[in-house]
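Here is my note on the model, point by point. Please read it with the structure open.

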Amino acid sequence: MHKAHLALWDNCLQLIRRNVTEQIYKTWFEPIVFESYDEQENTVLVQVPSPYVYEYLEQYYVRLIAWALTNSFKANVRLKYRLMVDKENRKTQDVEGDRPSDIEAPQPTTRGNKSPTVLDAATPQDLSPQLDPKKTFESFIEGDSNKLPRTVGISIAGHPGKTTFNPFFVYGPSGCGKTHLINAIGVETKKQNPRLRVLYVSARLFQVQFTDASRQNTVNDFINFYQTIDVLIIDDVQEWATAEKTVATFFYIFDHLFRLGKQIILASDRPPVDLDWLNDRMLTRFSCGLIAELEKPNLQLCIDILNSKCRRDGLKIPADVIQFIADSANGSVRDLEGVINSLMAYSIVYNSGIDMHLAERVIKRAVKVDNHPLTIDDILEKVCQHFGVTQQQVFSKSRKREYVQVRQVSMYLAQKYTKMPASRIGHLIGGRDHSTVLHSCSTVEQRLRVDKKFLDELSSIERSFKLKQ
């Protein structure tokens, strides 16, 4: 490290110190570590302890820092940050500072309890929303299993904080598209309202940031930062099960944002009532907006998702291969995308077309298969036992209501729990065809949405599957 450059940086810090309170200086500027100065690019590289420290500096002190750099280095200097994004593995990320073009010397601030948000040297700047630009509503294919959450998400994006859907709590099993949906809400919100401060953060990262703030005695600054967000999106909140202090701090932030009419979006793999760390007060807050379930996509939606991805990626996959992949993925959007990506890679590397043989090879490597998978016989045995009919009656051509119901339920559960294509399921359950299986699945799904007793019966049958396994 060049001693002359370090001395210039120290002088820069002294200029800053004279224009902020001692507490602010120690909290935000003392932890900054000078790394290097590039004379050719006029760039100062410094390391900061966490991403939210960078965001806070850029939001409130960008003009002060720029003025101090110019006066100290006597050049039009740009600041570059090195963020410690994973302390345990020593992973960092470099980002550019947002230096204003018109720099004026800041007015000295009053030393005392003045809030950093009103310092003369501070000009609020936008922050990176941490969103994936590819996860949009356009690529989130609509189906029966996601129609309500998707429609609500579009409404929120157009009027964040101004609908009755605040907070918006979406839950569902792994791989059903929760992250895609909440990300799409954020992307669309920024598209329609570029000046809003939108932030997507995983529950795990939020907890790590809070832990860092606790160790550095900067929890108030951590809270202040999150209280500036207009649309806060937190994924996988079920991971806070043992994080009591993180939950308490989040609730404080949540309450502040909610009272100000800011939009809050949360995602979990289970509904709020099943989150053990939620007390009654928090459960009441979460329930005052909208709690929506995102179900695993049915067979037809899986096919639609695959066809859409093929169109976007310019792939040509035969219909029977699409059907086979949709059957095998067992309702996981993540598995669907993984299989398509693998097929594309194999096709390019081996310069071959995508056929059933290649799909079968990829499925074995890409999709998790149960150690003790259910068979059609297992399903028929349990369903027939539950409804009190015989398999011979189910296989018959009879259209008696009780036989038709058992037949449809068996096909629905076979489609849900086995890797068999619909044509094979129909063949094994009374020699029916592919269209009969699809119709049966659709009929059962529709009834499940309106008939609680029927839902309870199917849940009982499914629990018997788990006992068997």
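1. Exposed means a relative accessible area over 50%; buried means under 20%, and partly exposed lies in between. The model is predicted. N217 has a relative accessible area of 70%, so N217 counts as exposed. The residue sits in the loop between α7 (203-215) and α8 (219-226). Check its backbone: N217 is not a glycine, yet its phi is positive, about 60°.

2. Q130 also calls for a look at the backbone. Its phi is positive, about 60°, and Q130 is not a glycine either. Find Q130 in the loop between β4 (91-96) and α5. Is Q130 buried, exposed or partly exposed? Its relative accessible area is 48%, so Q130 is partly exposed. The cut-off for exposed is over 50%.

3. The bond joining N166 and P167 is cis, with omega about 0°. P167 belongs to the loop between α5 (147-158) and β5 (168-171).

4. Now turn to S410, a residue of helix α17 (residues 401-417). S410 has a relative accessible area of 1%, so S410 is buried. Which residues does S410 touch, leaving aside those up to four places away in sequence? They are I379, L380, V383 and I429. E381 is 29 residues from S410 in sequence, and the two C-alpha atoms are 9.4 Å apart in space.

5. Next, empty space inside the model. Rolling a probe the size of a water molecule over the atoms shows where such space is left. There are two cavities of 30 Å³ or more. The largest cavity holds about 140 Å³ of space. Its lining counts 17 residues; S139, F140, I141, I305 and V333 lie nearest the centre. Two or more lining residues come from each of α11 (299-313) and α13 (333-350). Helix α11 gives the largest share, five residues. By type, the lining has seven nonpolar, six polar and four charged residues.

6. Last, the whole chain. The protein chain has 20 helices and nine strands. Of its 469 residues, 50% count as buried. Take contacts between residues at least 6 apart in sequence: 73% of them join residues at least 24 apart. The chain exposes about 23500 Å², and carbon and sulfur atoms supply 48% of that area.

Key
Residues numbered from 1 in each chain as written. Predicted model: local features only at pLDDT ≥ 70, side-chain atom pairs only at ≥ 80, totals over all residues. Heavy atoms only, no water. Helix = DSSP H or I, 4+ residues; strand = E, 2+ residues; numbered from the N terminus. Buried < 20%, exposed > 50% of the residue type's maximum accessible area, 1.4 Å probe, protein only. Contact = heavy atoms within 4.5 Å. Areas by Shrake-Rupley, 256 points an atom, 1.4 Å probe, with all protein chains shown as cover. 1 Å grid on protein atoms, 1.4 Å probe; cavity = no way out; pocket = protein on both sides within 12 Å on 5 of 7 lines; lining within 4 Å. Points joined across faces, edges and corners; volume = space filled by probe spheres on them. Nonpolar A, V, L, I, M, F, W, Y, C, P; charged D, E, K, R; others polar.
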